[in-house]
Amino acid sequence: MVRGKVKLAFIVNDAARKAAYKKRKKSLFKKVVELSTLCGIEACAILYGPYEPHPEIWPSPEGVQSVLSKFMELHEFQKCKKMMNQETFLAQRVLKAEEKLMKQRKDNREQEMTLLMTQCLSEGRVVQDNMSTMDMSYLAWLIDHNLKDVARRLEACDINDQNQIMAIQNQVQLEMAATVPPPPLAPSRSEEMAIMGHGHVMMMDSMVAGNLQGTVPFGEVNSGVWPHLLP
């Protein structure tokens, strides 16, 4: 079951007020113990109540005296840095409310001028005849601001399109380079010698075949070189 929100007001009934006092006092001391234990800090609590003749303290009189002595040794600015009275608290609340009101007025005016700009662009003319000079100036500034924003967005889109085109071209070039076969490797020295020897053998075979048909392939033939081929 969801716990209901407690109404922060003085409890008129004596019995209910006394029960709430005991319950809240126990919870307060428990929170101080948890804060000191979990965070490792020095803390104390002094509680004056209408139902006890003496104030209740935590953790002990010596501990309270130690914490108060360290607090009193601080500089006056450090002791009062986060303190405030009712007047200071209300002044801060009023200042925050005024800032929030100014921001809300600015947002409302911008939305109103944006709607008016949209109507003027759709109608092709100024739809309000009783506009002040300040409203006209703000409307002109808003239009100029939106035009600059559109130009920046178009420029960003053009840059993105160019980057995409360059990326596609690079990818196509890489794919084309991958499909082209690599150039043949140059033969080694041993392979060159083998190819030359094979060529000489084929030349000798062609010379022999030509002499068998009665022709001399090249050069002068004498009895000392080709004795078996002479007539």
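**Figure 1. Buried face of helix α1.** In helix α1, the residues Y21, K25, F29, V32 and S36 are buried, where buried denotes under 20% relative accessible area, exposed over 50%, and partly exposed the range in between (1.4 Å probe, protein chains only). These buried residues pack against β1 (45-47) and β2 (56-58); contact is taken as heavy atoms within 4.5 Å. The model is predicted, with pLDDT of at least 70 required for local features and 80 or more for side-chain atom pairs, whereas totals for chains, interfaces and linings use all residues. Residues are numbered from 1 along each chain as its sequence is written, and side-chain values use heavy atoms, with hydrogens and water left out. An α-helix has 3.6 residues a turn, so residues three or four places apart point the same way.

**Figure 2. Length and ends of helix α1.** Helix α1 comprises 26 residues, 14-39. From its first C-alpha to its last it reaches 37 Å, close to the 38 Å expected at 1.5 Å a residue; the expected span is 1.5 Å times one less than the number of residues. At the start of α1, the backbone nitrogen of A15 has a side-chain oxygen of N13 to within 3.1 Å. After α1 comes G40, with a positive phi near 65°. Most residues other than glycine have a negative phi, and most peptide bonds are trans.

**Figure 3. Surroundings of K25.** K25 is placed in helix α1 and is buried, at a relative accessible area of 15%. When neighbours within four places in sequence are left aside, K25 is in contact with L47, E52 and E56. The side chains of K25 and E56 make a polar contact of 2.8 Å. A polar contact is a pair of N or O atoms within 3.5 Å; within protein, one must be able to donate a hydrogen and the other to accept it, and residues adjacent in sequence count only if both atoms are side-chain atoms.

Figure 4. Side chains of opposite charge can pair when their charged atoms come close. One of the salt bridges joins E52 to K25, with the closest N and O atoms 3.5 Å apart. This pair links distant parts of the chain, E52 being in the loop between β1 and β2 and K25 in helix α1, 27 residues apart. E52 is partly exposed, at 27% relative accessibility.

K25 also forms a salt bridge with E56, whose closest N and O atoms are 2.8 Å apart. Because K25 lies in helix α1 and E56 in strand β2, this pair ties together parts that are 31 residues apart in sequence. E56 is partly exposed, with 23% relative accessibility.

Figure 5. D107 and K103 form a salt bridge in which the closest N and O atoms are 3.4 Å apart. The two residues are four apart in helix α4 (residues 86-123), and are therefore separated by about one helical turn. D107 is partly exposed, with a relative accessible area of 25%, whereas K103 is exposed, at 55%. Elsewhere, salt bridges that share partners join K25, E52 and E56 into one network.

**Figure 6. Nonpolar surface patch.** I46, Y48, I57 and L68 make a nonpolar surface patch of about 390 Å². Patches consist of residues with over 30% relative accessible area and no salt bridge; like charges are joined within 9 Å, and nonpolar side chains (Val, Leu, Ile, Met, Phe, Trp, Tyr) within 5 Å. I46 is placed in strand β1 and is partly exposed, with a relative accessible area of 40%.

**Figure 7. Cis peptide bond at W58 and P59.** The peptide bond joining W58 and P59 is cis, with omega about 5°. P59 lies in the loop between β2 and α2 (61-72).

**Figure 8. Context of the close-up views in the protein chain.** The secondary structure comes to six helices and two strands, running α-β-β-α-α-α-α-α from the N terminus on. Helices (H or I, at least four residues) and strands (E, at least two) are DSSP runs, numbered from the N terminus. Of the 231 residues in the protein chain, 10% are buried. Among contacts between residues at least 6 apart in sequence, 38% join residues at least 24 apart. The protein chain exposes about 20,400 Å², of which carbon and sulfur atoms supply 62%; accessible areas come from the Shrake-Rupley method with a 1.4 Å probe, and for residues only the protein chains shown count as cover.

Note on methods. A salt bridge is a side-chain nitrogen of Lys or Arg within 4 Å of a carboxyl oxygen of Asp or Glu.
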